[in-house]
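Work through the exercises below with the structure in view. Try each task before reading its solution.

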Amino acid sequence: MHSVSISPATISENAVESAPSGPLPPGSVCLFAAYTPNGNLPPYTCFYLKNLKRCGLTVHIVLSGCSVITEETRLFCNAQAFTVWHRPNGGLDFGAWRFLLGKNLVQTAPYILFANDSVFGPLAPLPPLLRLLQADTRPAWGLVASRAVTPHLQSWFIGFSRATFEQDAVQRVFSLPFEDMTRAEIIWHGELGLSVALRSAGIPLHALWSDESSPFARIFPTNPMHSHWRSLIRSGRVPFLKQELLRDNPFALSEVKNWRSIIPPQCGFDPEWIETYLSQHPPRSFRQKSTRKGRLLYKAVSISNYFKC
């Protein structure tokens, strides 16, 4: 897998929002899935969407779980030239993306980015990252590739060329009835199945960060957005924090409570947005809790990679 790095030292005041645009060809499209039961886009999601626009993307948003869209969100989307829909909740992100694909929004798009609101960020400019990834020449790409379960691109940020998206193997994945699936089934058939489909079609997967060549990850694969969260941000390769990590901290990583210290002070992202989110979203309970062995593994990997960066 392709792996490059970018130094966060180049970040200046408001750098995230003022970064140069255009790493993707004109007409490229972002399909963005957001879960908003109240029909309102929170400020951290608005921040993310504005930065996606600066990548030269035409942004289409679907709000799941609401019956109306607030006036505030409609005004924001109109000002940014975003189109926005709402739908009942079902099928998680893949169900939402399938809903947008049914709107015939990508027929002429040279590149299609699938993204969602499960992260906080970006904490560094996105356009330079996509340029370093050479996203305008790669058939399939994402920010993070993981060996967990099976080698795959994490689907919270994954892009395809038009030719890749039109592959029969890819189309079969997006035609699945995700609304009728459980969360586990969606992960298996959606996120993991998509990368399996790409590889079966002979399409290489490219990412800014990958554990593909890590001997340790071959034996003990982890979710890098949890186990490597600090080193990923400090490297500048993946300038995002997973909401699940900060809200639930499923592997009880003690350093997660210090998340504020990882946010560059002049990146334009307001830490209070996260504080507000956490105050409104208590930790979720999991049917299958992490084991003691799993918690020790994640702690060891997190500490080890923090001192490597």
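The exercises go from the whole chain to single elements and residues.

The model is predicted: local features need pLDDT of at least 70, side-chain atom pairs count only at pLDDT 80 or more, and totals for chains, interfaces and linings use all residues. Residues are numbered from 1 along each chain as its sequence is written, and side-chain values use heavy atoms, with hydrogens and water left out.

**Exercise 1.** State how many helices and strands the protein has, and what share of its residues is buried.

Solution. Helices (H or I, at least four residues) and strands (E, at least two) are DSSP runs, numbered from the N terminus. On that basis there are 14 helices and 10 strands. Buried means under 20% relative accessible area, exposed over 50%, and partly exposed in between (1.4 Å probe, protein chains only). Of the 309 residues in the protein, 54% are buried.

**Exercise 2.** Describe the cover of strand β9 and how β9 is joined to β6.

Solution. Two strands pair if DSSP finds at least two bridges between them. Here 4 bridges join β9 to β6 (residues 140-146), and the two strands run parallel. In one of these pairings, Val144 has Trp209 in β9 as its bridge partner.

**Exercise 3.** Count the aromatic pairs, then classify the pair of Phe94 and Phe178.

Solution. Rings of Phe, Tyr and Trp (its six-membered ring) pair if their centres lie within 6.5 Å; planes under 30 degrees apart count as stacked, over 60 as edge-to-face and the rest as tilted. This rule gives 22 aromatic pairs. Phe94 and Phe178 have centres 5.2 Å apart and planes at 40°, a tilted pair. Phe94 is in helix α4 (residues 92-101) and Phe178 in the loop between α7 (168-174) and α8 (183-200), so the pair links parts of the chain 84 residues apart. Phe94 is buried because its relative accessible area is 3%. At 0%, Phe178 is buried as well.

**Exercise 4.** Determine whether Ile219 is buried or exposed.

Solution. Ile219 lies in helix α9 (residues 215-219). Its relative accessibility is 61%, so Ile219 counts as exposed.
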